[in-house]
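Student: Hi! I have a structure open here and would like to talk it through with you. Could we have a look together?

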Amino acid sequence: MKTPAGLQALIDDGVIDEVLRPLKSGKEASVYVVRSGDDVRCAKVYKDMAQRSFQQRVQYQEGRKVRGSRQARAMGKASKFGRKEAEAAWKSAEVDALYQLVGAGVRVPQPYGYFGGVLVMELVTDADGFSAPRLGEVELPAQTARDYHRFLVRQIACMLCEGLIHGDLSEYNVLVAADGPVIIDLPQVVSAAGNNAARTMLRRDVGNITISLSRFAPELLDTHYAEEMWALFEQGELRPDSELTGHFTFEDGAVDVDSVMQSIIDAREEAIIRQQGREAAQAED
């Protein structure tokens, strides 16, 4: 295939040897399968975002650390320089998160480096060596769904222990690898302590995964892991090995439970809309 412009520099510099095929494309990035020596990896080429998308990302960027006060002020004013700095921060956020989470034992793709707007990382594969499917593309036995749910809740809790929330987690950015689920797509990762919407985003992430897997194990809808782990997090008691039960007592009784369930339903609809946008962008490429 013709080498994409964003990857030619990596070939020239010897970072990769060959672009094998496109893997997926969306509004924010295009991903390609590449060869680096004897290894097959993937390269994520980030796209420059328009003003519309910049405004949509403000809620995710709240609480993120930037290089200095000048950059922070410019980002807050959304000036030309500020948008450029926000763009750079948006692209590097995923790289930083991947290295941090791999170090913490969270199952995300292993990063191999970030080169001029291109993230080179592990190609996640299934048991037959093909590109792993998304969680929403597979049929699961009930017990496997329960096991995947337990595993993913644990991964979300481990991320929270690192002070991070995915912010856009759904069945569309969890891959089913040979060794189980792998969480992908983290450019919108949220600071748990620094973002006012952190609790809502955590609830949405857990809710998306719960609704997806409840297709095979309906009783998962009766669990409340997000509220349980957030309460522990606020008390400074959440640990990677904390025993989570999925049970939580709401102060306001059934009304509060209803609001939680509605937020999960809303999150599910948002995930579907985002996926439709990704598919539309891929069709345009």
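**Talking through the model**

Tutor: Happy to! Leucine 175 is buried, with a relative accessible area of 13%; buried means under 20% relative accessible area, exposed over 50% and partly exposed in between, using a 1.4 Å probe and protein chains only.

Student: Before we go on, what kind of model is this, and how are residues numbered?

Tutor: This is a predicted model, where local features need pLDDT of at least 70 and side-chain atom pairs count only at pLDDT 80 or more, while totals for chains, interfaces and linings use all residues. Residues are numbered from 1 along each chain as its sequence is written, and side-chain values use heavy atoms, with hydrogens and water left out.

Student: Good. Where does leucine 175 lie?

Tutor: Leucine 175 lies in strand β7, residues 174-177. Helices (H or I, at least four residues) and strands (E, at least two) are DSSP runs, numbered from the N terminus.

Student: And which residues is leucine 175 in contact with?

Tutor: Leaving aside neighbours within four places in sequence, leucine 175 is in contact with Val124, Ala132, Pro133, Arg134, Gly180, Pro181, Val182 and Ile184. Contact means heavy atoms within 4.5 Å.

Student: Zooming out, how many helices and strands does the protein chain have?

Tutor: The protein chain has nine helices and nine strands. Of its 285 residues, 50% count as buried. Among contacts between residues at least 6 apart in sequence, 60% join residues at least 24 apart.

Student: Which residues touch the most other members of the largest nonpolar core?

Tutor: Those are Leu135, Ile165, Leu202, Leu213 and Met229, out of 53 residues in the largest nonpolar core. Helix α6 (residues 142-161) gives the largest share of this core, nine residues. The core also draws at least three residues from each of domain 1 (1-48 + 89-121) and domain 2 (140-248); the domain bounds come from an automatic or database domain assignment. By nonpolar core I mean a set of buried Ala, Val, Leu, Ile, Met, Phe, Trp, Tyr and Cys residues joined through side-chain atoms within 4.5 Å.

Student: What does leucine 213 touch?

Tutor: Not counting residues up to four places away in sequence, leucine 213 touches Leu135, Leu140, Ala145, Tyr148, His149, Leu152 and Leu220. There is also a second, separate core of 10 residues, which includes Leu7, Ile16, Ala43 and Val45.

Student: Is valine 45 buried or exposed?

Tutor: Valine 45 is buried, at 16% relative accessible area, and is found in strand β3, residues 39-46. Leaving aside neighbours within four places in sequence, its contacts include Gly6, Leu7, Tyr32 and Val118. Valine 45 and tyrosine 32 are 13 residues apart in sequence and 8.0 Å apart in space, C-alpha to C-alpha.

Student: Switching to helix packing: at roughly what angle do the axes of α6 and α8 cross?

Tutor: The axes of α6 and helix α8 (residues 225-234) cross at roughly 25 degrees and come within 11 Å. Axes are lines fitted to C-alpha atoms, for helices over the stretch in contact, and angles run from 0 to 180 degrees between N-to-C directions. The two helices α6 and α8 are therefore roughly parallel to each other; angles under 35 degrees count as roughly parallel, over 145 as roughly antiparallel, 65 to 115 as roughly perpendicular and the rest as oblique.

Student: Which residues make the contact?

Tutor: From α6 there are His149, Val153, Ile156, Ala157 and Leu160, and from α8 there are Tyr225, Met229, Trp230 and Phe233.

Student: How about α7 and α8?

Tutor: The axes of helix α7 (residues 198-213) and α8 come within 8 Å and cross at roughly 145 degrees. On the α7 side the contact is made by Ala198, Arg199, Leu202, Arg203 and Val206, and on the α8 side by Tyr225, Ala226, Glu227, Met229 and Trp230.

Student: One last thing: what is the phi of aspartate 185?

Tutor: Aspartate 185 has a positive phi of about 60 degrees although it is not a glycine. Most residues other than glycine have a negative phi. Aspartate 185 is found in the loop between β8 (180-183) and β9 (190-191), and is buried at 15% relative accessible area.
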